[in-house]
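Have a look at the picture first, then read on.

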Amino acid sequence: MSKKVLIIYAHPEPSSLTRQLVDVSVECLSARGHEVLQSDLYAMGWKATFDEHDFPERVNLQRLSFGAESAHAYSSGRQTADVAAEQEKVLAADAVIFQFPLWWYGMPAIMKGWIDRVWAAGLAHGYKGAGNAYRYGDGAFKGKRAMLSVAVGGPAEDYSPRGINAPLEQLLFPITHGSLYFPGFDVLPTFAVYGTGGLTAAGAAAAKEAWRTRLKGLFEDAPIPFRPQNGGDYSQTNELKSHVAPGQTGLMAHIIGAEERQTQVMQVEELS
Ligand SMILES: Cc1cc2nc3c(=O)[nH]c(=O)nc-3n(C[C@H](O)[C@H](O)[C@H](O)COP(=O)(O)O)c2cc1C
């Protein structure tokens, strides 16, 4: 069935690996009969900073409260046109793909600025004006899928379970879990191409082929099994109940089965 897919990307150079992978996305998804929407952040001259100019009709001119002004602007139709247009694209999409180079262990500032500005109060947080009731698996974007496609300069070993940089799954957790699962998306495992600095033509071709394969599973592949806030694993104070992932702390405790998966990877590595 034909779906709508929004591709948001951050790279000004058409020959970059990121842009080559964007081209693959457009070609592959269109060929599969999907409607492709795009947000080319550099070409749009996207305003990355979230500031007073985002609120042309302030409620409080004395003090800039982002939460209060965002909620007011969103609910009263007083947002800037660029932000409202991006929200419409997201709400129309069945899936959203973010494509970017890894810059200082995260997304480029222009893309972070897209999230800061587009994820308004009343939409991406404080949904339905109900505080934190709808989040982590619930929210305005429930039923939609999201995925990151990342070009990584360093080699895969640097990002292996005991690699010096730490696994990409953990480095990008604030995006997958925080920015995407929080407002309700089902988030697919991140697609990454490592060692882009020394990528040969054959390596780039293999990366594009691997990306085509991942795109084919966009609407079928299992999402990351993050624990839903309202699924029974958390207490009233939003802490994991004592019988859930006992002894585990930190990011991975919020993914069902992460501890077992990690242990399996370590055992395979020890055997090899
Ligand atoms: C500002 C900046 C920050 C970077 N930070 C990282 C990093 O944290 N980790 C890493 O492995 N590579 C890093 N790199 C290398 C990029 O990931 C690499 O240039 C990119 O994957 C190449 O893909 P592209 O052709 O799409 O630009 C950084 C590059 C720049 C320009």
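Let's start with a word you'll need: a residue is buried if its relative accessible area is under 20%, exposed if over 50%, and partly exposed in between, using a 1.4 Å probe and protein chains only. By that rule H177 counts as buried, because its relative accessible area is 10%. H177 sits in helix α7; helices here are DSSP runs (H or I, at least four residues), strands are E runs of at least two, and both are numbered from the N terminus. Leaving out residues up to four places away in sequence, H177 touches Y136, F182, F226 and H254, where contact means heavy atoms within 4.5 Å.

Keep in mind that this is a predicted model, where local features need pLDDT of at least 70 and side-chain atom pairs count only at pLDDT 80 or more, while totals for chains, interfaces and linings use all residues. Residues are numbered from 1 along each chain as its sequence is written, and side-chain values use heavy atoms, with hydrogens and water left out.

Zooming out, the chain splits into domain 1 (4–223) and domain 2 (232–272), with bounds taken from an automatic or database domain assignment. Their C-alpha centres are 26 Å apart.

Now for the inside. A nonpolar core is a set of buried Ala, Val, Leu, Ile, Met, Phe, Trp, Tyr and Cys residues joined through side-chain atoms within 4.5 Å. The largest one here has 43 residues, and F98, F100, W114, W119, L180 and F185 have the most contacts inside it. Elements giving two or more residues to this core include β1 (4–9), β3 (95–101) and α5 (109–118), and α5 gives the most, with five. Setting aside neighbours within four places in sequence, F185 is in contact with V90, V96, W119, F141, K144, R145, A146 and L180. A second, separate core has 20 residues, including V22, F191, V193 and L218.

| Residue | Residue atom | Ligand atom | Distance |
|---|---|---|---|
| W104 | polar backbone atom | nitrogen | 2.8 Å |
| G153 | backbone N or O | oxygen | 3.0 Å |
| Y159 | polar side-chain atom | oxygen | 2.6 Å |

On its own the ligand has 630 Å² of accessible area, and the protein covers 68% of that, with areas computed by the Shrake-Rupley method with a 1.4 Å probe.

Methods. A polar contact is a pair of N or O atoms within 3.5 Å; within protein, one must be able to donate a hydrogen and the other to accept it, and residues adjacent in sequence count only if both atoms are side-chain atoms.
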